[in-house]
Amino acid sequence: MEQKELINVLYDAHVINTKYLETEVSSLVNDTRKVENNSCFIAIKGENFDGHQAIEDVINKGAKLIIVEDVPQNPELLDATIVQVTSTFRTQAILANQYYNEPSTQLNVVAVTGTNGKTTTSNMISQLLESLNRKTGVIGTLHYKVGETYYPAVNTTPNALEMQRLFNEMVETDCQDAIIEASSHALALGRLSFTDIDCAIFTNLTREHLDFHSTMEGYANAKSLLFSHLGQSFHNHRPRLAILNMDDPYHTTMAEVTSADIVTYSLEHPQATAYAHSISEKNGKTEFIIDYNKESFTVEIPMRGSYNVSNYLAAFLTLSKYYQYTIDDILKATQDFTGVTGRMQVVDEGQEFEVIVDFAHSPDALERVMQELIEHKSKDQKLIALMGHSGGNRDSGMREPLGDILFKYADEIVFTADNPRFEPVEKIVNEMIGLHHNDNKPYSIIKDRAVAVQQAIDIAQKNDIVLFAGKGGEPYQVIGNENIPYDEVQTVIDAIHRKQL
């Protein structure tokens with residue numbers, strides 16, 4: 001695409017230097033390390049670095065189109081087209097959509113938002129669709145997936161340039177569907193701008209990210225942006241669809257801001273479009289009955305917890321309402337569903353005790369997991385829990401409630417690092433322990449998470465339950481400013497094998 005075709009979509013842009021306007025743009029970047037010959041570089045004012053400071057550097061590397069908010073000195077002397085806009089952050093989404101030829105309009109885009117359940121629901125949908133012979137892409141916490149190709153996830157929802165690039169790759173590799181997790185940060189920061197969403201799902205809203213949103217109302221408003229994104233146009237001759245969890249009071253907030261058609265799911269309200277009841281759990285699997293379209297049918301999934309039944313209902317409605325598959329097709333696909341990495345994942349290496357790995361890192365999610373484990377625990381079983389909390393600019397107000405839940409349900413606790421960043425692990429843990437220092441319940445503090453995992457495994461006895469919470473399938477630990485590779489499930493497996501020697 002030539003420069004002039006790319007920037008022609010901008011309403012309010014001041015162009016300086018015009019000799020390269022007919023030059024083909026080779027790439028669209030906002031990272032100085034990714035600049036190549038004839039790149040378009042978008043100067044973003046970030047938290048830690050202002051791209052405007054690198055304009056001469058990127059031009060020397062070959063960039064021939066520079067998008068700025070602040071015009072550099074003597075711009076006419078620079079060997080590149082300079083385009084001034086009001087907001088480069090907003091403009092990058094517009095340019096990415098133009099550069100990649102509006103890729104999301106060529107896909108079925110399903111977006112999932114909520115505090116808990118985004119990863120489970122999105123991966124359920126992807127697995128079920130692939131069992132029905134569709135080729136999917138997934139953008140979320142575990143990874144970015146394009147058909148059979150996997151990329152490490154930097155953010156749950158990437159920036160607009162990466163988002164549109166991934167959509168374009170999905171289109172080029174014949175994916176039919178993009179299933180994405182929509183984080184509140186991404187929605188508030190416009191990372192999903194110019195993503196043409198067809199179906200949006202709301203799972204729930206509990207305390208998280210108040211370091212960023214300040215209040216629950218601000219958090220809810222950010223989530224609601226997904227439903228206003230649905231707009232008022234039809235896709236494939238049908239309106240856009242909102243799928244809402246009736247069991248969460250904030251579902252009304254989502255309903256109020258969207259003009260899309262709405263269907264609902266519930267474990268509490270029989271009047272919902274899809275209602276699940278008679279839930280029972282055995283051997284790490286959950287069985288339940290769904291009432292839907294005046295019919296009832298039994299479903300079994302290889303996951304524990306009623307909240308995963310709720311997640312399944314969201315996936316079920318996506319396939320039945322948006323994709324219009326029959327119940328028989330969905331139930332057949334469900335038989336192939338294998339669960340989701342790090343979400344109530346049972347690790348069985350032949351040990352005499354039960355091991356669960358789960359991503360639960362908010363008070364609501366942790367309590368749900370621990371209540372589920374306690375409900376099926378006998379008196380002679382001990383529940384051992386391992387957990388930490390993220391450091392840095394995260395919501396430290398969650399630490400005390402997390403500690404309260406651990407001391408309420410666990411018989412023994414191992415506190416350790418999560419993603420401490422530059423914050424001392426001891427400080428984080430002491431804030432979690434709060435007023436429980438003098439409790440009789442045994443606990444230990446081990447900074448190194450791998451060592452802590454081994455400790456939790458070593459103290460487990462026959463029939464005990466060991467919960468590893470907070471990391472799930474996250475592929476790294478953030479220590480200082482480094483993302484250090486880390487695999488909780490493999491670390492747990494290795495610890496079990498060492499114990500068995």
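**Entry 1: terms and model**

I count two strands as paired if DSSP finds at least two bridges between them. I take helices (H or I, at least four residues) and strands (E, at least two) as DSSP runs, numbered from the N terminus. This is a predicted model, in which local features need pLDDT of at least 70 and side-chain atom pairs count only at pLDDT 80 or more, while totals for chains, interfaces and linings use all residues. Residues are numbered from 1 along each chain as its sequence is written, and side-chain values use heavy atoms, with hydrogens and water left out.

**Entry 2**

I started with strand β15. Lys-285 in β15 stands opposite Lys-282. Strand β14 (residues 274–282) pairs with β15 in the antiparallel sense, over seven bridges. The two form a hairpin with two residues between them, and Asn-283 in the turn has a positive phi of about 55°.

Ile-301 in β16 is the bridge partner of Thr-286. β15 and β16 also form a hairpin with two residues between them; here Asn-293 in the turn has a positive phi of about 50°.

Which residues of β15 lie on its covered face? I noted Thr-286, Phe-288, Ile-290 and Tyr-292 there, and Lys-285, Glu-287, Ile-289 and Asp-291 on the uncovered face.

**Entry 2: aromatic rings and charges**

I found 10 aromatic pairs in the structure. Phe-288 and Tyr-312 are an edge-to-face pair, because their ring centres are 5.7 Å apart and their planes stand at 65°. The rule I used: rings of Phe, Tyr and Trp (its six-membered ring) pair if their centres lie within 6.5 Å, with planes under 30 degrees apart counted as stacked, over 60 as edge-to-face and the rest as tilted. Phe-288 lies in strand β15 (residues 285–292) and Tyr-312 in helix α10 (residues 306–322), so the pair ties together parts that are 24 residues apart in sequence.

Phe-288 and Tyr-312 are both buried; buried means under 20% relative accessible area, exposed over 50%, and partly exposed in between (1.4 Å probe, protein chains only).

Lys-64 lies over the face of Tyr-20, at 5.4 Å from the ring centre. The charged end of Arg-165 sits over the ring of Tyr-151, 5.8 Å from its centre.

Ser-39 is in strand β3 (residues 39–42). I list Ser-39 as buried because its relative accessibility is 1%. A polar atom of its side chain lies 2.9 Å from the backbone nitrogen of Glu-36. A polar contact is a pair of N or O atoms within 3.5 Å; within protein, one must be able to donate a hydrogen and the other to accept it, and residues adjacent in sequence count only if both atoms are side-chain atoms. Not counting residues up to four places away in sequence, Ser-39 touches several residues, including Ser-26, Val-29, Lys-64 and Leu-65; contact means heavy atoms within 4.5 Å.

Ile-16, in strand β1 (residues 14–16), counts as buried at 14% relative accessibility. Leaving aside its neighbours within four places in sequence, I found Ile-16 in contact with Val-71, Pro-75, Glu-76, Ala-80, Thr-81 and Ile-82.

I traced an open sheet of six strands in the order β17-β18-β22-β19-β20-β21, with mixed pairing. β17 and β21 (443–445) stand at the edges with a single partner strand each, so one side of each has no neighbour in the sheet. Strand β19 (residues 383–387) pairs with β22 in the parallel sense over four bridges, and Val-466 in β22 is the bridge partner of Ile-384.

In helix α16, the buried residues are Glu-488, Val-489, Thr-491, Val-492, Ile-493, Ala-495 and Ile-496. What covers them includes β17 (345–346), β18 (354–358), α15 (449–459) and β22 (465–469). At the start of α16, a side-chain oxygen of Asp-487 reaches to within 3.1 Å of the backbone nitrogen of Val-489.

**Entry 3: positive phi**

Met-344 has a positive phi of about 45° although it is not a glycine. Met-344 is in the loop between α11 (327–334) and β17, and is buried with a relative accessible area of 3%.

Technical notes. A charge sits over a ring if NZ of Lys or CZ of Arg is within 6 Å of the ring centre and within 35 degrees of the ring normal.
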